[in-house]
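Colleague: I am new to this structure and would like to learn how to read it step by step. Could we take a few features in turn, with the general idea placed before the particular case?

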Amino acid sequence: MPPCSTTQMERNLLLRSLPPGERGRLAPHAELISLVRGDVLFEPGDDVTSVVFPLDGTVVTLIVPLEEGRTIETATVGREGALGGVVSEGFLPAFNRAVVQMGGAAVRIGAAEMQSAKRASLPVRNAMVRYADCLLAQVVQSVACNAAHPIEQRCARWLLTLHDRLGSDVLPVTQDLLADMLGVRRTYLSGILNRLHERGLVEIARARITVRDRRALEAASCECHRRVHVHFALVLGASFAPDGTLVSLDPEGAPDPVSARRALSA
């Protein structure tokens with residue numbers, strides 16, 4: 001695999017948030033890889049030997065497979081984050097399955113090299129620990145959402161989550177994929193998407209869903225999407241574009257939690 005430059009690394013918001021010198025510390029150990037939709041990065045029980053940072057346009061979903069054959073989506077990771085040994089020293093068994101949903105480029109760093117960088121660099125360690133906290137928040141909120149909220153609200157939340165990470169109104173997602181992520185049949189999902197379309201929230205076409213009214217889609221969602229947004233802002237210093245999509249992280253400059261909470265609720 002080709003080496004990765006610090007400029008390419010900046011296409012991942014978590015890596016971009018590091019001081020230039022710290023990205024330079026990681027660069028000799030970073031390689032640029034290409035991920036294809038359907039690729040499985042790891043399965044439950046696999047040793048996690050590397051950390052993967054999706055670049056813009058690449059999205060990976062963490063899934064829990066059940067013995068009955070169904071799978072449940074627990075978190076979506078794009079240009080804002082990482083998968084693998086984010087906090088641990090790596091080489092520990094994975095608990096879930098990581099599946100590429102939107103193919104594209106990613107940066108891969110060996111777990112041992114990542115651990116050495118965390119030991120040597122407070123900014124690297126701080127960024128990874130804070131991101132791990134936000135990833136856990138997303139997983140926990142997803143579990144609560146799957147258990148408590150109607151499918152239409154869950155569908156709106158999933159579309160918003162993807163919109164956040166792609167930064168594009170056009171989401172290259174099929175109805176089959178979305179139905180799998182939500183754990184419902186495609187025919188049932190089609191009815192839900194048609195209702196969202198009739199309200200002017202989305203437009204449906206072959207192999208893509210276009211967001212037409214982000215604010216209305218937020219209103220159609222449950223509180224789960226907003227709560228994860230707020231946590232990213234409080235813990236990782238996340239900034240959002242006027243349309244609500246995630247544009248930058250600043251873990252070193254994360255606001256004081258009390259004042260930030262007041263500002264976000266104002």
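**Reading charges, strands and overall form**

Modeller: Arg-157 counts as buried, at 7% relative accessibility, and please keep in mind from the start that this is a predicted model.

Colleague: With which side chain does Arg-157 meet in a salt bridge?

Modeller: The partner is Glu-73, and the two side chains meet at 4.0 Å, N to O.

Colleague: Are Glu-22 and Arg-25 buried or partly exposed?

Modeller: The cut-off matters here, because a residue counts as buried when its relative accessible area is under 20%. Glu-22 is therefore buried, at 14%, whereas Arg-25, with a relative accessible area of 37%, is partly exposed.

Colleague: Which residues are linked in a network of salt bridges?

Modeller: The network links Glu-80, Asp-164, Arg-165, Arg-214, Arg-215 and Glu-218. One of its contacts joins the side chains of Arg-165 and Asp-164 in a salt bridge of 4.0 Å, N to O, and both of these residues are buried.

Colleague: Let us turn to strands; how do the strands of a sheet pair?

Modeller: Strands of a sheet pair through backbone hydrogen bonds, and the pairing may be parallel or antiparallel. In this model, three strands form an open sheet in the order S9-S11-S10, and the pairing is antiparallel. S9 and S10 stand at the edges with a single partner strand each, so one side of each is left without a neighbour in the sheet.

Colleague: How many bridges join S11 to S9, and how many join S11 to S10?

Modeller: Strand S9 (residues 170–171) is joined to strand S11 (residues 208–211) by two bridges, and Leu-171 has Ile-209 in S11 as its bridge partner. Strand S10 (residues 202–205) pairs with S11 over four bridges, and here the bridge partner of Ala-205 is Arg-208 in S11. The hairpin of S10 and S11 has two residues between the strands, and within the hairpin Ala-207 takes a positive phi near 60°.

Colleague: Where does Gly-103 lie, and which residues does it touch?

Modeller: Gly-103 lies in the loop between strand S7 (97–102) and strand S8 (104–110), and it counts as partly exposed, at 38% relative accessibility. Not counting residues up to four places away in sequence, Gly-103 touches Leu-35, Val-36, Arg-37, Gly-57 and Thr-58. For a sense of scale, Gly-103 and Ser-142 are 39 residues apart in sequence and 23 Å apart in space, C-alpha to C-alpha.

Colleague: Finally, how should I describe the protein chain as a whole?

Modeller: The protein chain has 11 helices and 13 strands. Its radius of gyration is 18 Å, close to the 18 Å that the globule rule gives for 266 residues, so the chain is as compact as a globular protein of that length. The C-alpha atoms fill a box of roughly 55 × 45 × 30 Å along the principal axes, and buried residues make up 49% of the 266 residues. Among contacts with a separation of 6 or more, 70% are between residues 24 or more positions apart. The accessible surface comes to about 12,000 Å², and 52% of that surface belongs to carbon and sulfur atoms.

Definitions and conventions:
Residues numbered from 1 in each chain as written. Predicted model: local features only at pLDDT ≥ 70, side-chain atom pairs only at ≥ 80, totals over all residues. Heavy atoms only, no water. Pairing = 2+ DSSP bridges. Rg over C-alpha atoms; globule rule 2.2 N^0.38 Å. Buried < 20%, exposed > 50% of the residue type's maximum accessible area, 1.4 Å probe, protein only. Contact = heavy atoms within 4.5 Å. Areas by Shrake-Rupley, 256 points an atom, 1.4 Å probe, with all protein chains shown as cover.
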